[in-house]
Amino acid sequence: MLISIDRHRLRQLLDGGAQLLEVLPADEYAEEHLPGALNIPLKQLDANTAQQLDIHRPVALYCWDAL
Amino acid sequence: MSPRAAWRLLQLGFEQVYDYTAGKIDWIAAGWPTEGPGPGEARVLTATDPNVATCGLEEAVGTVRRRLDPEITSCAVINDHRIVAGRLEHLDTIDPQDPRLVSQVMRPGPTTIRPSDNLDEVRERMRARQVQQLLVTTPDGELLGVLHPE
């Protein structure tokens with residue numbers, strides 16, 4: 001199930017133990033990212049790299065903006 | 001980009017996937033903390049003064065005049081959620097007994113800026129247009145403070 005959320009709901013999810021994933025390129029992640037976020041760039045997101053995440057826990061992800 | 005990544009995770013078997021659609025810029029623009037060195041240029045957030053005079057929509061303007069320091073000539077008009085509704089200006093000319101409501105007198109829709117805006121660029125525009133202060137808000141319009149030219 002895919003659900004769009006705003007930042008207030010995101011904070012609630014993180015407080016509840018959700019995983020946070022930034023899918024921007026590594027240099028953009030290195031410059032600045034949300035607290036506690038992991039980085040898997042979209043172009044590298046596959047079954048292998050996704051093993052960094054716990055498939056049984058909620059995952060919230062983001063990029064730069066809504067565009 | 002993030003919806004595609006979210007659908008990718010669903011394809012890979014993840015069942016609870018949430019897309020923070022507005023993204024990193026929205027978080028930064030709200031003035032919320034981040035990790036990492038940040039961009040090379042300074043942001044408005046670093047110079048935002050949280051001490052900004054405010055008043056409510058339903059206050060009498062004379063009451064606002066009496067409540068605020070006499071040197072203050074304008075203040076931000078906010079609602080119960082600290083959302084900016086307007087500006088009350090020329091406070092120094094208001095009669096302390098003036099019974100009119102702020103909502104009747106204020107200038108609605110003032111220019112606001114985000115904490116994520118480039119500080120040098122904003123201040124350059126302020127100097128060029130001789131703007132003495134700008135209200136800093138979140139993307140939702142919540143008042144965070146005020147920025148001065150220097």
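This is a predicted model: local features need pLDDT of at least 70, side-chain atom pairs count only at pLDDT 80 or more; totals for chains, interfaces and linings use all residues.
Glu22(A) stands opposite Asn39(A), a residue of β3(A). β2(A), residues 19-22, and β3(A), residues 38-39, pair in the parallel sense over two bridges.

β4(A) pairs with β1(B), residues 17-20, in the parallel sense over three bridges. Within this pairing, Val59(A) stands opposite Val17(B).

How many residues of each chain are in contact with the other? On chain A there are 30, and they meet 33 residues of chain B. On the chain A side, β1 (2-5), α1 (7-15), α2 (26-31) and β4 (59-62) each supply at least two residues. The residues on that side of chain A divide into 23 nonpolar, two polar and five charged.

Next comes the interior. In soluble globular proteins, nonpolar side chains tend to be buried together. The largest nonpolar core here has 26 residues, and those touching the most other members are Leu21(A), Val23(A), Val59(A), Ala60(A), Leu61(A) and Tyr20(B). Elements of both chains contribute: β2 and β4 of chain A, together with α1 (2-11), β1 and α2 (23-29) of chain B, each supply at least two residues. β4(A) gives the largest share, four residues. Leaving aside its neighbours within four places in sequence, Leu61(A) is in contact with Leu21(A) and Val23(A) in chain A, and with Ser2(B), Ala5(B), Ala6(B), Asp19(B) and Tyr20(B) in chain B.

Which residues of α1(B) are buried? They are Ser2(B), Ala5(B), Ala6(B) and Leu9(B). These residues cover an arc of only 100 degrees around the axis, so they lie on the same side of α1(B). An α-helix has 3.6 residues a turn, so residues three or four places apart point the same way. The buried residues of α1(B) pack against β1 and β4 of chain A, as well as β1 and α2 of chain B. On the other side of the helix, Arg4(B) and Gln11(B) are exposed. Just after α1(B), Gly13(B) takes a positive phi of about 110 degrees.

Three strands form an open sheet in the order β6-β7-β8, with mixed pairing. β6 (112-113) and β8 (143-147) stand at the edges with a single partner strand each, so one side of each is left without a neighbour in the sheet. β7(B), residues 134-137, and β8(B) pair in the antiparallel sense over four bridges. One pair to find there is Val136(B) with Gly145(B), its bridge partner in β8(B).

Conventions: Residues are numbered from 1 along each chain as its sequence is written. Chains are lettered from A and ligands numbered from 1 in the order in which they are written. Two residues are in contact if their C-beta atoms, placed from the backbone, lie within 7 Å. Ala, Val, Leu, Ile, Met, Phe, Trp, Tyr, Cys and Pro count as nonpolar, Asp, Glu, Lys and Arg as charged, and the others, Gly among them, as polar. Two strands pair if DSSP finds at least two bridges between them. A nonpolar core is a set of buried Ala, Val, Leu, Ile, Met, Phe, Trp, Tyr and Cys residues joined through C-beta atoms within 7 Å. A residue is buried if 20 or more other C-beta atoms lie within 10 Å of its own, exposed if 12 or fewer, and partly exposed in between; C-beta atoms are placed from the backbone. The arc is that of the directions from the helix axis to the C-beta atoms.
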